[in-house]
Structure formats: C-alpha cells, structure tokens
Amino acid sequence: MKNCLNRFVPEGFASFNGSNDYKNHISEYKKIPEKKKTSSYKTLGSIGEIFDYFNITNGSTLSFHHHLRNGDAVLNLVCVEIKKRDLKDIHLAASSLFPNNDLALHDLIVNQNITKITTNYLNGKTAELIGKGKLKEMLVMETHGGRARSIETGELKIDLAIIATPCVDKDGNGTGKEGKNACGVLGYAIPDLHYAKNVVLVSDTIKEKIENPELSNEYVDGLLIIDSIGDKNGIVSGTTNITKDPVGLKIARDATKLLKELGVIKNGFTMQTGAGGTSLAVASYIKKEMIENNIIGNFASGGITGYYVDMLRNGLFEKLYDVQCFDLLAVESSLVDKNHIFMDASMYGNPYYNNPIVNGLDLVVLGATEIDLDYNVNVTTDSFGKIIGGSGGHSDTANGAKITMITTQLIKSRIPIIKEKVTTISTPGEDVDILVTERGICINPKRQDLLQKLENSKLNIMKIEDLLKLSYEITTKPANIERSNEVIGVVKYRDGTIIDSIYKLKE
Amino acid sequence: MLFIPGNNPSMLQNSDVFESDSIIIDLEDAVNVMEKDSARNLVRCYLDNLKEKKAELVIRINGLDTTYYNDDLNQIICDKVDAIMLPKAHVADLKKLDEILTDLENQRKITKKIKIIPIVELAESLLEVEKIVFQNRVDGVLLGAEDFSSDLEVVRTKGGEEIFYARSRIAVSCAAAKIDAIDTPFTDTKDNIGLAKDCEKAISLGMKSKSCIHPNQIEVVNEMFSPSQKTIDWAKRILQAKIDADKKGLGAFSVDGKMVDKPVIERAQKIIKKAEKYHIL
C-alpha cells in the first residue's frame, strides 16, 4: 500500500493521510485507563529482583527514557540481565537510544533476545546493526508527541517501565532535578509512568522527601537503589554551543533577517529551536534583536539549553517550557526557577492533547539531513538510507508552529541537501514553510502570505528548484543510490500513521 | 576584504557566500612553498569554473623578490581577476608589475585594466607611499602590520600604538590620491570586541576599509565601516535641505540648528555614495 506521499506502508499499519488528518479523528481518541496501584511500592535489591518481582519473561515490553542521554547506565544494566537470563523476543521501547547503549544492545539484537524496538531516535552502531537487517521484527520510529499518544492509547503496551531516576524519596516519589546524577526534567518518562502495567524507579540517590516530585508515587510499584544510574555529564551532547562555523553563522544571520522582515520577532512571540549549533546561532541573533528593540517573548520551549536559561534570566522570555534538559545549567534552572516550567511529552507534542505547547509556537527552527522539492524533510536516514537519527520533536513542532523554518548548509560533505525526493520522509512538506541555506532562501509556495510580505525583500529568495540547480552546478548531480526493497522499519507520524518505510542497507 | 587561502578547496568554494566586498585569494603567506604549484592549479580551476562573481576578486601573488610571482601571474591572469595584491611593494616593483600586466592583458585580449593593491609592510615602502599611491593601476593600499612591526623590531599589540604613524601616513596618502586606505587584519579571530575597537581606531585615522582573515570578522567590519542608519538619515537630511535651499536661492542654511557649509555637504554626499556602494540605502 502507498500513502498520500506515495511512500510504501507495510501491511498491518495505518497509512499517512496528511499532517492534519488527526483533526478528523479527535472524537475517536480513547486513552486506556491510567494504572491503578493497590499497595505500597516494593523495595527491590537488584535488577534481577526486578525481573523476578515483575515476572519479566520472553516477549515482555520494557520501556526506558533517554534523559541521561549518552550518560545512561540503567538500560545497559537491564540488558546484562536479559542476556544472563537469555530471555527472548523482548520488545525494547526506549524514547531514544544513544551510542552509549551500543555495546549492551549488540549481542541481544544479534541473538534475538531483543527482537523489536520502538523508539523516537537512534544512531551509532545499534542503528547500523538494524540497518543491516539484524533486528528480527520491524523497527518502529515514533515522534516524541506520537510516543506519548501511542502509550496513552495502548497502541504501545508497556509491561514494565524502568525509569532511571536521579533522586527518589522514601515515599517512592522521584525527580530528575536532584541527586548526584541530576539530569533535569523527565518529560518523556511521564506517559510510561502513567500507563505502563508496572513501574519501577531505579535511582542512586534517596532522600527523606522530595517537594513537588514529577514522578508521583501513586504510580510507582517498585524501587531499586544502585550505586550509579550513569553520568550526568553525558547529557551534554556537544551540540549545545553556538556554531563557530562561518557558513552556519551566515545562515543564522540570514534566517534572522528574514524573521525580522516577516515581523515574527515581536513582544509576546514564542519560539523553539533545536539544540544544534546553527539553531542556537539563530537564537543568538534573535536575542540580539530582542535586546536592541526591547522585545520580551512569551515562551521558548523544547529541550532546553543554558542559552535559553540565560535568556530567561535576562528577562527576554517570560517562561520556558522544558521537556528535557540539554546541559547542566538547564538542570540547575529547572530546580530553582519557577518560570522554568516542566512539561511532559504529551503536553509538549501529543496531537490529541488539548492544545499542546507546540501549537502555541509562532516559530520553530529545525535542521534537516535532506529536504526535497515538495519540502518534505528527512532527519531519519542519510542519503544512503543509513539510520542516523529520527524525528524526535521535529514533526510535532513543524505541525504545531505557525512558521517552520529549516536551516541547513546547501552542501554537506560534497552532497547536496536538496533532493528531488528525500530518501526517507520524517516531516511532511506541508508542514515546512521556509528553507534557509547559505546560498539562498526558499519559501514553500503554499505560504503565499509569507511570499507577499517578502515581495520587496533584498534577501536572496529563490525557488527551491533553482537552489537545487545551483547545488548541482557546484557538485554535479549525484548518482542515484540503489536501495534494497526489504523493509526493516517504519516511520510513524505523530498520529500513528506511517509516513514512510526504512529499508535494509545494501550489502 | 576577505583573505581566502589559495590551497583550500572548501574555503574557495564558499568564499562568495559571505558579505565581503572583496575576496583576496592568497597565493603568498597562506600557501607553503611545497604547495605553490597545486595552489595555483586550484585557483586556476576555481577561476575557470566561476560563473557569477558576487564580490571584487583580488589575488595576492608572491612578491617580486621571489621566484614564484611569474608563475602566479601566468596561471591566474584572466578577465575574472579585478586586482593583484602585491606584497612588500616598492615603486620599482609596481612599475615592473604594471608592464607585466599590460603584456598579459594584451596577449590574452583582456579588455579591462587589472588594478594593483600594493601592501605597505616595510619601513622603506612607507617612506615612499606618497609615490606608491600615484603609480599606474594602484587602486588602494593595504597596511601589512605584522611584517611592518617586524621590520621596525617592535611588538605588535592589540592596542596598535606601534602602527599609529603607518596608518596615518597611508590614510593621508590614499586620501590625496582618492583611493582606499585598507587597514591591516586583526589577527585574534576569536576577539570580535577587540576587532571592533581596532576598527574604531583605524576609522578615526582615515582608513576606509579593512581586511579580514576569517569570515566571522566580516559582520563586525561591515558594521563598523559602513555608515550607520543614523548617519545615512543625517546625510539625507543635509542633501534635502541643500535642494530646498537652492530652490529658495539661499546660500547658507542650517540643519538641526547647525550651519551647513560646503565641507558638510561633501561629507553627506560621500556618506550617501558609500551607502549606495554597500547597498544599504
């Protein structure tokens, strides 16, 4: 079956039918009941005891969050236990997977202990292994908001949510903001907490009482204290600093000039950027603009970096909505600043949540691995089809924001970023409004309102077809890359439909 | 004016995406002696494939005191080159270069006249700068402060006191010849606040533009050397008041409570001309 973007949809999955089709199904949206706990939590002594107590057997679905990012140790410890018990057909439902998990996952995938993975983002060796077709069942890639939706509806059924929790209290409450490995807000863990069949918190710090815990003991069935849940320094991914690359800065400058001409940067405006260097450079130029013109924004949202904390502290935004902290300054701020507001994954981007934060965004600035003539964006695979990431919040924010801007270099490693058709669609072109590159700016023709405002602009605004032609003049047209026909995974749009498939890499 | 090393393909490819008014492709100091040939080949290929020029194109060749300059000129002279930048320039060198360029232009049927931008980076060059500025083809003079300080055996500082005299003498000479005095690059590429201060000093002494050794310096240099919106607005008011005064047959008039005379009008005209040049009107 092909979906409306002419992409293959494997049997058994629903077909993507437009980014706003979910609005036709709001009345059909049914959540499963939140879990009900009948007794106090059980104190457990080891990962093995968790498996025994919650009866983890072949075919169980285990979920994890990724707030400790490359510093997480809990998923790895659980993998050791799976291997020890030689459990089979485990479904791993981690909100994201990082290279830090590669070693632990490799043998489990190859030996079919883990046969199914549902996640929002993965890269590194695990992604390579899956790309080679080593995962027995289909890889399911969701969005951050989409994952919340699929857990709430029971589409993704979790037997046990194993939540790495930087600090717990004696009543069984938990928080990510305190403890020796504090990693900040735990927004992506909340759907798991509320809807998994069983929930266990794994921590390395216990205190008497946590004030306002984001993980309420009402949902917690078990508690395990271990020596270390990982390394909080691993949350800093290296992409949280403003780029120094002159091309990236040029893109950011032009993006800001464009936003200025469009009148986006004004009192009360709202924005989100990715944590990449160029996105943060856009934020830095917007900041300059705000200071020069005494502009105060309503909120900034998303994964929060110290850069946004600094803007909050300097009164440039009234508040921050934070689903995940990207550095330790953001962690500190999430604990002490009442205007640094916690949001869970559903409140952030679930299309069926009543007015999620993404719907309040005036502007989102995002990256792209590829973008095509229909403005479809790929952030899931590279041009060879190799898995290198995933949507995360890309599609959620692109759909919700009034203006979605993609900033990217026109050519990366001698490969043009604009394609006639992207290798994999992560975010549909109907949700993408502007492309800013170092050699030209393109406006999606469906946004005639923006084009009209820019009629007299001196910026280098051109048709995307012309920018593609220009990139071919520099690199020549790249050869077509053949791919196999074997589908190894699906890209789920935020409403649960399949926007594209992922194919096995050619040997 | 942005320096781009002549041996770096990716930097050459991206050289035209920045907002510099000129691109100076360097075959001299940025290129190791072992790479002179390959750099020339690369620059030649770049010129051959260059379809649309977005900025003035200048090539810094090796000095006439080296064995490389002839090969440099033979390889790169074509109608896409706007100017040759000559290191350690003397009057005698400029005369010789003028002759070589004339020959090459004739041989290659190049209709335009390629300009020369001499670099004053020796004490003896500074002493003849008044003659240098009036040599054939000379269109601007660049101060090379690093070599100049070395020649003087003084420490090069961020404050730039050691180049006060050189800047002043070059600026006055260029003004007399009605060509651009181009300031030396600021070498700390991570200190844009220092760069802005350095620009301020250069401007106060009469330098009209500045060379950059990193694209991230361009934004600051453009901001500092371009007339501000406030200045442009002032110049427009002056010129409008002049038109109004002429209509009324008034010889003297005032703007913002200040009398406007001929030098003020000329300054306003220069500001508008500069704003037009930088496309910021």
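1. Contact, in this note, means heavy atoms within 4.5 Å, while helices (H or I, at least four residues) and strands (E, at least two) are DSSP runs numbered from the N terminus. The model is predicted, so that local features need pLDDT of at least 70 and side-chain atom pairs count only at pLDDT 80 or more, whereas totals for chains, interfaces and linings use all residues. Residues are numbered from 1 along each chain as its sequence is written, chains are lettered from A and ligands numbered from 1 in the order in which they are written, and side-chain values use heavy atoms, with hydrogens and water left out.

2. Overall form of chain A. Chain A contains 14 helices and 26 strands, and its C-alpha atoms fill a box of roughly 65 × 55 × 45 Å along the principal axes. The radius of gyration, taken over C-alpha atoms, is compared with a globule rule of 2.2 Å times the number of residues to the power 0.38. For 507 residues a compact globule would come near 23 Å, and the 22 Å of chain A agrees with that. Of the contacts in chain A between residues at least 6 apart in sequence, 72% join residues at least 24 apart.

3. Accessible areas come from the Shrake-Rupley method with a 1.4 Å probe, and for residues only the protein chains shown count as cover. Chain A exposes about 19,400 Å², of which carbon and sulfur atoms supply 48%. Counting Lys and Arg as positive and Asp and Glu as negative, with His and the chain ends not counted, and placing each charge at NZ of Lys, CZ of Arg, CG of Asp or CD of Glu, one finds 59 positive and 63 negative side chains in chain A, the centres of the two sets lying 2 Å apart.

4. Helix 9 of chain A. This helix, residues 306-313, is mostly covered, with 6 of its 8 residues buried; the buried residues are A:Gly306, A:Tyr307, A:Tyr308, A:Val309, A:Met311 and A:Leu312. Their cover includes strand 12 (270-273), helix 8 (277-292), strand 13 (297-304), strand 14 (317-325), helix 10 (328-336) and strand 15 (340-342) of chain A. After helix 9 of chain A comes A:Gly315, which has a positive phi near 75°.

5. Overall form of chain B. Chain B has 12 helices and 10 strands, and its C-alpha atoms fill a box of roughly 65 × 45 × 35 Å along the principal axes. With 281 residues, a compact globule would have a radius of gyration near 19 Å, and the 20 Å of chain B agrees. Buried residues make up 51% of the 281 residues of chain B, and its accessible surface comes to about 13,900 Å², 53% of it belonging to carbon and sulfur atoms. The mean positions of the 41 positive and 47 negative charges of chain B are 6 Å apart.

6. The interface. The size of an interface is often given as the accessible area lost when the parts come together. Buried area here is the accessible area (1.4 Å probe) that two parts lose on being put together, summed over both. Chain B and chain A bury about 1,300 Å² between them, with 42% of it on carbon and sulfur atoms. On the chain B side, B:Val17, B:Glu19 and B:Glu219 lose the most area to chain A, together 38% of what that side buries. The contact takes 17 residues from chain A and 15 residues from chain B.

7. Two residues within elements of chain B. B:Gly140 lies in strand 6 (residues 140-143) of chain B and is buried, at 1% relative accessible area; residues that B:Gly140 touches include B:Ile116, B:Pro118 and B:Ile182. B:Gln75, in helix 3 (residues 69-76) of chain B, is partly exposed at 26%. Beyond its neighbours within four places in sequence, B:Gln75 is in contact with B:Arg40, B:Asn41 and B:Arg44, and the C-alpha atoms of B:Gln75 and B:Asn41 are separated by 7.6 Å although these residues are 34 apart along the chain.

8. Positive phi outside glycine. A:Asn55, which is not a glycine, has a positive phi of about 55°; A:Asn55 lies in the loop between helix 1 (47-53) and strand 2 (61-64) of chain A and counts as exposed at 55% relative accessibility. B:Lys178, also not a glycine, has a positive phi of about 55°; B:Lys178 is found in the loop between helix 8 (164-177) and strand 7 (180-183) of chain B and counts as exposed at 76% relative accessibility.

Conventions: Buried means under 20% relative accessible area, exposed over 50%, partly exposed in between (1.4 Å probe, protein chains only).
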